[in-house]
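This report concerns the aromatic rings of one protein and their surroundings. Please examine the sequence and the structure shown below before reading on.

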Amino acid sequence: MKIKNIVLLGTLTFLSLVGCTNVDENVYDKYPAEDFYGSPEGADVALASVYAQVGGNWNGVGYAGADNGWYDLNCMSADEQVIPHRNTGDWQLDFARVYTHKWLPTDLMVNNTWNWLYKSIFNANLAVSQLETAKADASKIAEAKVLRAFFYYLLMDDYGSVPFYTDNNTTVDKIPQASRKQVYDFIVKELTENVDLLSGEKGGNYYGRFNKWAGYTLLAKVYLNAQVYTGEAKWNECLAACNKVNEGGFSLHPANSNAASALGNTYYDLFGDVLPTDETILSIYTTVDIVSRNIFTVRSLFGPHCQALFGYSGWNGTIVPKDFYLKYADSDIRKKQFLVGEQPGGTNYTLDISSLDNPGAGAQEGVRNVKFYPVTPRNGGGASNDFPIYRYADVLLMIAECNVRLNNAGAAKPFVDQVRTRAGVAALAGNPTLDDIYTERGLELNWEGHRRQDMIRFDKFLQPKQFKETSEAYRKIYPIPTSALNANPSLKQNPGY
């Protein structure tokens, strides 16, 4: 049973409006916008239009909704997943091109991500304006500003120097381009001024919303990558933000044998229906065909295999590269998410794939992933698994990384070991190195949207991998889409493109 979520308010408000068909009725009163958005219910409606963009849906809309958007652009350029073109003719070449770092300024994912983020920023600007004009509760204004900072963070992380505006009364061709550092400075200022104004409530009405703890986690992520963005490291600041998250009373969700779980362990509650609030800090609320959709398992499984399990066909798309899969120890409960070898439906997944693009992989080539094992309601268009944007295991590994980078590896060890022992693998024999932390982040957070950013920060992103040679340095950021350059001639394309 899903918890009510602010995302639903936008849908419900729309339905209530279109349900009124008698347009001849006399209007006896008016409800000024200032009064409406100043009320608790009106403020939530303003925010709902922004949150609706987080979950998203088809056409590349959303953080981790359907395909060809932000999630694919940031996950498939890393080493953890890819959709190969199949030698049966299935699947476009865009995914293989992203994996091999050959994307173009005209590519669908590059354009979809840009358009989604700017639509989200427009909606956030509107919400900030509505709430400020109405003198809404300070926590609601702060929530809108933190949401806007979140979208600018994703935009700056992907594209570097970008068009920047906070007033929607600016035409596209007049929006100035700000440097990456200028956008970073804005994000930090907005977060530091507003995070403490956010609600401290966990779950309930704040399930899937930015509360204080999600705000501080976002701030920690920004500081974690500050050296990439500005050339100046902010490890102490990242630690301080993580310590604020610790005040929220989070802990790692237990990993116990569980016969009721399709994957046999309570660890996978973290990727199921209503996500446990002991560890989940910020999530995307999902109910397929109503609010967003989680496609990650149905997109991975071969058609007859998915049919045998769930009664509908899989898309036979995403695979896990062999080298990434082999990082997991057999005792690691996180390895249960991967499928290789014989499966129901006469399926046999191979460890290796022969080709990404020409002529493409065979129909049953490649390791598959069921980390988000579909929960009901579910169908051939996805499932209702909620998606964890931030969770406490990530915070523990951020704390460990900052300590190692500050030459205090001894202090880092307990945080890495907590994550490892929960997964059923032994604690580290000695103090962690940066490579230990990089590896553990990959093992724990795969398919959750963090890997590209981690690879860049650890200087691994440009390195060769199967089917890919060493990349040029300019590939650390994506090109500004050609369509955006055409719409605003004052923009300068990123170097290399």
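Over the ring of which residue does the charged end of Lys460 sit? In this predicted model, the charged end of Lys460 is placed over the ring of Tyr438, at 5.5 Å from the ring centre. Another lysine is arranged over an aromatic ring as well: Lys465 lies over the face of Tyr99, 3.7 Å from the centre of that ring.

Aromatic rings also pair with one another. The geometry of such a pair is described by the distance of the centres and the angle of the planes. Across the whole structure, a search finds 34 aromatic pairs. Two of them are set out in the table.

| Pair | Centre to centre | Angle between planes | Arrangement |
|---|---|---|---|
| Trp114 and Tyr159 | 5.0 Å | 90 degrees | edge-to-face |
| Tyr184 and Tyr229 | 6.3 Å | 50 degrees | tilted |

The pair of Trp114 and Tyr159 links distant parts of the chain: Trp114 belongs to helix H6 (residues 108–133) and Tyr159 to helix H7 (residues 138–159), 45 residues apart. Trp114 has a relative accessible area of 5% and therefore counts as buried, since buried means under 20%. Tyr159 is likewise buried, with a relative accessible area of 0%.

Tyr184 counts as buried at 4% relative accessibility, and Tyr229 is buried with a relative accessible area of 6%.

How values were computed
Residues are numbered from 1 along each chain as its sequence is written. This is a predicted model: local features need pLDDT of at least 70, side-chain atom pairs count only at pLDDT 80 or more; totals for chains, interfaces and linings use all residues. Side-chain values use heavy atoms; hydrogens and water are left out. Rings of Phe, Tyr and Trp (its six-membered ring) pair if their centres lie within 6.5 Å; planes under 30 degrees apart count as stacked, over 60 as edge-to-face and the rest as tilted. Helices (H or I, at least four residues) and strands (E, at least two) are DSSP runs, numbered from the N terminus. Buried means under 20% relative accessible area, exposed over 50%, partly exposed in between (1.4 Å probe, protein chains only). A charge sits over a ring if NZ of Lys or CZ of Arg is within 6 Å of the ring centre and within 35 degrees of the ring normal.
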